[in-house]
Amino acid sequence: MGTLFEEMCIGSLRARNRLVRAATYEGLATDDGHLTPELTAVCEELAAGGAGTVILGYAYVTPDEQPNPRMLGIYDDSFVPEYRKLVKRLHSYDARVVSQIVYGGSATKLDPPSARILGPSAVPNPKTGIVPVEASRGDIRLLVESFAAAARRARDAGFDGVELHAAHGYLLSQFLNPQLNRRTDEYGGPVENRARIVVEALAAIRREAGAEYPVLVKLNSSDGVEGGLTEDDSLEAAQLLVEAGVSAIEVSGPWRACRARDFDGEPFFAAYAQRLARAVPVPVILTGGNRRVDAMERLVDEGIAGFGLCRPLICEPDLPKRWAADPQAVPRCVSCNGCSATPGHRCVLR
């Protein structure tokens, strides 16, 4: 086994390998975000399949705003006991477990949407058409504290770390996007201002969950659209997060464009991830298009610490074990995105 199956360290999080189950929305929780036996079984299958780290599908942090139906929640202390049981079960497979936390904003698929949806500005979302309420400074303070309280619950439940979701067009990503952030106050304009809410959320998490608790941030390499977040913007935002004490950065991007393609090439966002790894002193996790062991191991030599997998593990939860036994193994996943249209986001090939 090569460098892909070396230990990956993010502060106190010490994973048995560099393979990370990137957070994936299943839609299998209860209507109010609690665990179900079906969702618990999916998580256990992933941990048993050999991924060193499992990042749970995003959990919403305020009870009055839910981005997607039957997604996980972490908005009050009632979640702590059930998550503690889940984490203990996944730890029994020697997997590390991270909770991803999110506020969706105008990027919602809930029908009907939540009653009051906040955003950086009252600008229609280009995908949903929803016009959010421009968040006041008071709203921003409450959001920041909601993220911090959610992280404290994750710590109390025994999660090995927490990930702040600032990618894929959700609220924190919207603040970073100048198309959707038209503010003229300290939360709009230059990157330093547009990233301010993310930096403040990270600082609040540090105060609430502790200076040593592993805190990851998921960040778009770019928004992939004219007028959106650029790669240079993203690099600047990442450096601000490092100054604020982030433990690791997961690199993603405009994933909806990542359909079936030639996987003999680089993972989708590899070039940016390499730039980022050279620019920041914290571990970088690259998510999107990771299909070949030799390509990932070459990127380890380029400074990439971990590799996020989403659709391949929907198709084959035990793919990490298969790669450990045979580094030449070809994943069954063809990135058709058929899983996104199935109940529970199941692979159409299984």
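Predicted model: local features only at pLDDT ≥ 70, side-chain atom pairs only at ≥ 80, totals over all residues.

Student: How do the axes of helix 7 and helix 8 cross?

Tutor: Two packed helices are described by the angle between their axes and the distance between the axes. Axes are lines fitted to C-alpha atoms, for helices over the stretch in contact, with angles from 0 to 180 degrees between N-to-C directions. Helices (H or I, at least four residues) and strands (E, at least two) are DSSP runs, numbered from the N terminus. Here helix 7 (residues 231-243) and helix 8 (residues 270-279) have axes that come within 10 Å and cross at roughly 35°.

Student: Which residues of helix 7 and helix 8 meet?

Tutor: Contact means heavy atoms within 4.5 Å. From helix 7, Glu 231, Asp 232, Ser 234, Leu 235, Ala 238 and Gln 239 meet Tyr 272, Arg 275, Leu 276 and Ala 279 of helix 8.

Student: Is Ser 234 buried or exposed?

Tutor: Buried means under 20% relative accessible area, exposed over 50%, and partly exposed in between (1.4 Å probe, protein chains only). Ser 234 is buried, with a relative accessible area of 0%. Not counting residues up to four places away in sequence, Ser 234 touches Leu 219, Asn 220, Ser 221, Leu 229 and Tyr 272.

Student: What covers the buried residues of helix 8?

Tutor: Those buried residues are Ala 270, Tyr 272, Ala 273, Gln 274, Leu 276 and Ala 277. Their cover includes strand 11 (215-220), helix 7, strand 12 (248-252), strand 13 (284-287) and helix 9 (293-301).

Student: Which residues of helix 1 are buried?

Tutor: In helix 1, Leu 39, Thr 40, Val 42, Cys 43, Leu 46 and Ala 47 are buried. Seen down the helix axis, they fall within an arc of 160° (taken from the directions from the axis to the C-beta atoms), so they line one face of helix 1. Just after helix 1, Gly 50 takes a positive phi of about 110°.

Student: Where does Leu 349 lie?

Tutor: Leu 349 is in the segment after helix 11 (319-325). Leu 349 is partly exposed, with a relative accessible area of 38%. Leaving aside neighbours within four places in sequence, Leu 349 is in contact with Cys 315 and Arg 332.

Conventions: Residues numbered from 1 in each chain as written. Heavy atoms only, no water.
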